[in-house]
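Trainee: Could you take me through one part of this model closely, and then connect it to what lies around it and to the charged pairs elsewhere?

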Amino acid sequence: MAAGPGESRKREAFRLFEDGRYDESYAACMTLPPDGKDEAVAVLCATNLFYMGRYNDAEAHFRDLARVLPGSSHVQSYLGRILEMKGDDEAVAAYARAVRLDPANQEALRRYSAWVMRSGDWRKAIPVLEALLARSGREDDARSLMGALVRAGRARDALEVHRVHLKGREDMPEYSDALIACGEFRKAQELLLDRYTRHGDPADLRGYLHTLSMTDREAAREAYRSHCLEGAGDTTLCRDYLRLLRASGNEDEAFSAGRAFLEQREPGPGPLYMLEYAEIAADLGRREEAGEIYASIIRQELAGLEHPDLLARLFDSYRHYLVTYYPVPEALDRFRDLVLGNTHPESLCAAGRFYEAIGDTTEARAWFYRSFRADFLRGGIEYARFLQRHGDGRECEKTLLYVLQNLRKTGDLVMLAGVAVEEKNGIYRHKRLREALIARLDSTVETLPTLGLEYLSVLLLVEGSAGLQEKDYSGAKRCGLRGLDVLPHYSTQIGTDDFTGLLAACKARSLTDLPVLPPVSVPPPPAPDAAPPPEVLLGLDEKETAILEFLRAHRTGTEMDLRAVAQSRRVAGLVNRIIQKAAEKGLRIIEKKGVGENGEIYEYTG
């Protein structure tokens, strides 16, 4: 029987997609009659939009698909990819949903772990990378896991990953990083020197000299000198050399080496090196020379503002130099002349710190307030800290509530929460701010990094403890249970014992210990011999899993449908492989039901 015009156009849309002609494929989808647009076509439309770069439209399509197929890991994974391309923080939540729906979805695991690794959230990446490596066994996944473990302070676990998965591969940076973190400096030295000799990577040389300084400081001094003053050492390496000399008490040698490097370096070595050199000159009592270096760096940084995070350290160092060598009035005049010729928020904060350091709190408050007006976030935080230090808690809370109200980025919210939970300033004691922070963090919990979850846990513990003191036992229990629930993996500031202690105290003091959580309907427990899902039992790869997931949801599917799902023209081979793997386990989960207008027809029988 000949295919109708709708079926013919549908096949043409899939063929165009497979040929990479996404615009034409999408146009073909749009010409299909309503009864010819099934879920496979909807997936195809969304995928075409993604490859066409129309991310807003693709996002709308995949969000609709997520409502139609709420259990589809494939849809959530693609939604995460689209959001990632747009730079939307919600991507991490979509990837997390994809992973929860299907822990075997390797693409989702890999993209989720890559996202959190790029954000520096090593602790959040570890369980995902462990699951990914267990399924893939790939070298790049093992190396990513090692890198996350080292940066999260679990270097011994990284060495164990290397022993199990990468034994015999000692030439990789992740291995030498783990050795250094474990204090195995001599073994790391050999590897780094060998790698540098073979490849000439400056990072390997820097690592080698660092480990050498841990075991033989004199040999390290000579090696640094050779590479920095007689060779072609880079600026970072030479800064390490100066720091080694300063740590060894060789300030004169550090100054001479710093000057020699400057004389052979063109263009200049950068602000971090120059700041190190200025501090050496100041320590040696070379007042005029140090002042000239400081002035040069500050003018350069305020003109370009290429390193805004350096400014606070630079201004603090300059202030220390001034008050060391000049009377306070003259030091203040010099500081104002050089630093306050602009309205950069960090310059305004630096002025506030200077006045605070010399005891003029009225002028300090005025400058901190100016920094708040110039930058509501960083300036506002510094102004609030000043207010808290000087006993004006009410204005501090009011300022930070304003900052919180105007925040838009997750990273800024986490930074503010970190300021609030600092033990030394006690800002967490302000009840209105604490409650507002808890509400805001809880509303974005799916996109919070590990540090944000940790801050939320701390704030909930503080709120629960306050409720306990006020005899609000139900409220304290709710905070304790919620805090325990959001407590992240590998927390460094707080543990489960903190919350169990709070809950135990609530139960001991409450006269009527009423439940605070709503009742839940508990599903019947699985049979003792319940088998794992077929995709796990059979060890299916990503494309095979996608095919099985589609058939399980729809019961039947054609070869053309499955091409769109797996994004492959080799559907027949993939299905045959699933059937073969199932047969080896004594299972029958897919049957062939003949050939139709859209190719082979398959039925899920599992």
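Mentor: In this predicted model, the face of helix α26 that is turned away from its buried side carries the exposed residues Arg432 and Ser443. The buried residues of α26 are Leu433, Arg434, Leu437, Ile438 and Leu441, and because they cover an arc of only 135° around the axis, they fall on the same side of the helix. What covers these buried residues includes α24 (393–406), α25 (410–420) and α27 (450–469). As for its geometry, α26 comprises 13 residues, 431–443, and its span from first to last C-alpha is 18 Å, close to the 18 Å expected at 1.5 Å a residue.

Helix α28, residues 473–486, has 14 residues and reaches 20 Å between its first and last C-alpha, close to the 20 Å expected at 1.5 Å a residue.

Turning to the charged pairs, the structure holds 59 salt bridges. In one of them, Arg110 pairs with Asp141, with the closest N and O atoms 2.7 Å apart; Arg110 lies in helix α7 (residues 106–118) and Asp141 in helix α9 (residues 139–151), so this pair ties together parts that are 31 residues apart in sequence. Asp141 counts as buried because its relative accessibility is 3%.

Another salt bridge joins Glu289 to Arg259, the closest N and O atoms again being 2.7 Å apart, and it links distant parts of the chain, with Glu289 in helix α18 (residues 287–304) and Arg259 in helix α16 (residues 251–264), 30 residues apart. Glu289 is partly exposed, with a relative accessible area of 23%, and Arg259 is partly exposed at 35%.

The salt bridge between Asp333 and Arg336, whose closest N and O atoms are 2.6 Å apart, lies within helix α20 (residues 328–339), where the two residues are three apart and therefore separated by about one helical turn. Asp333 is partly exposed, with a relative accessible area of 37%, and Arg336 counts as partly exposed at 31% relative accessibility. Beyond such pairs, a network of salt bridges links Arg243, Arg246, Glu251, Glu276, Glu279, Asp283 and Arg313.

Definitions and conventions. Residues numbered from 1 in each chain as written. Predicted model: local features only at pLDDT ≥ 70, side-chain atom pairs only at ≥ 80, totals over all residues. Heavy atoms only, no water. Helix = DSSP H or I, 4+ residues; strand = E, 2+ residues; numbered from the N terminus. Expected span 1.5 Å × (residues − 1). Buried < 20%, exposed > 50% of the residue type's maximum accessible area, 1.4 Å probe, protein only. Arc of directions from axis to C-beta. Contact = heavy atoms within 4.5 Å. Salt bridge = Lys/Arg side-chain N within 4 Å of Asp/Glu carboxyl O.
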